[in-house]
Amino acid sequence: MTNHIPEILLNDGRKAPAIGFGTARIRGAEGVESVKTALDLGYRLIDSAFNYENEGVVGEAVRQSGIARDQLFITSKLPGRHHKYEEALKTIEESLYRAGLDYYDLYLIHWPNPKVNLYVEAWQALIDARAKGLIRSIGVSNFLPEHLDRLIKETGVVPAMNQIELHPFYHQAEQRAYHEQHGIVTESWSPLGRGEDLLKNEQLRAIAAAKGKSVPQIVLRWHVQLAAVPIPRSQSEEHQRENLDIFDFELSEAEMKVIAELPSTGPLWDQDPAVYEEF
């Protein structure tokens, strides 16, 4: 393992690695090799989704890795079109069959799909699937405080995680504050935003130079110090290794403040609607 990965305590008493590996658009035999390389390097949290069409890739990489199942933290997600209670339960079962796994460590509702307005029903399905042992921890993705409030009010069950878009150009300060207040762990998708924009940023480059690290390492360390769990995606072994090598340094309060004050460009889906096709 490149570095020892710390763990974050979830509100259900279970623990999750402080960084994970994202798999959106990673498929096929090449995808299996990519996920297996990540596992070999030390990643233990692997994030997938029904809509990514790669749960089988993740399951195959897990089997080929030879790593004990209880050492891994495998995630998948319920798509927005399957929020009806019975459909949701069948989709969770199908997710497991696709991956060839007995359970998921974390299962998320991929987005609230508010126009359909069945996300509470879907949440009840996740609660019941957890009771059946199909899922260990349950959470959501792309939920706003108003959606979370309703889940908690109507079921009494607080999500363990909310996976949201989070990067230095989209800080989500209010959303993160809500999570902290309710004991929900923030998980960061697209933690590096548009990588080329980060690499060009002079403030981030200056911090990286001072620390002897790369700009992506600085940004991923920023996530960790926010107590957010980043899930960077890369099919390059070099970048996978680099992204994991963030636990041997710390950013100062002043450096964290510099990043916090970078101007927001808004969510990626405002600039590229294709980002949300996978929900």
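A residue counts as buried when its relative accessible area is under 20%. The structure shown in these views is a predicted model.

**View 1. Helix α9 and its buried residues.** Helix α9 covers residues 215-225. Of its 11 residues, 10 are buried, so the helix is largely enclosed by the rest of the structure. The buried set is made up of Val215, Pro216, Gln217, Ile218, Val219, Leu220, Arg221, Trp222, His223 and Val224.

**View 2. The surroundings of helix α9.**

**View 3. Ala227, after helix α9.** Ala227 follows α9 and has a positive phi, near 65°. Most residues other than glycine have a negative phi.

**View 4. Arg25 in the loop between β3 and α1.** This loop lies between β3 (20-22) and α1 (28-41), and Arg25 is found in it. Arg25 is not a glycine, yet its phi is positive, about 70°. Its relative accessibility is 51%, and the cut-off for exposed is over 50%, so Arg25 counts as exposed.

**View 5. Asn117 in the loop between β6 and α4.** Asn117 is placed in the loop that links β6 (104-109) and α4 (119-131). The phi of Asn117 is positive at about 60°, although Asn117 is not a glycine. With a relative accessibility of 40%, Asn117 counts as partly exposed, because this value falls between the cut-offs of 20% and 50%.

Methods
Residues are numbered from 1 along each chain as its sequence is written. This is a predicted model: local features need pLDDT of at least 70, side-chain atom pairs count only at pLDDT 80 or more; totals for chains, interfaces and linings use all residues. Side-chain values use heavy atoms; hydrogens and water are left out. Buried means under 20% relative accessible area, exposed over 50%, partly exposed in between (1.4 Å probe, protein chains only). Helices (H or I, at least four residues) and strands (E, at least two) are DSSP runs, numbered from the N terminus.
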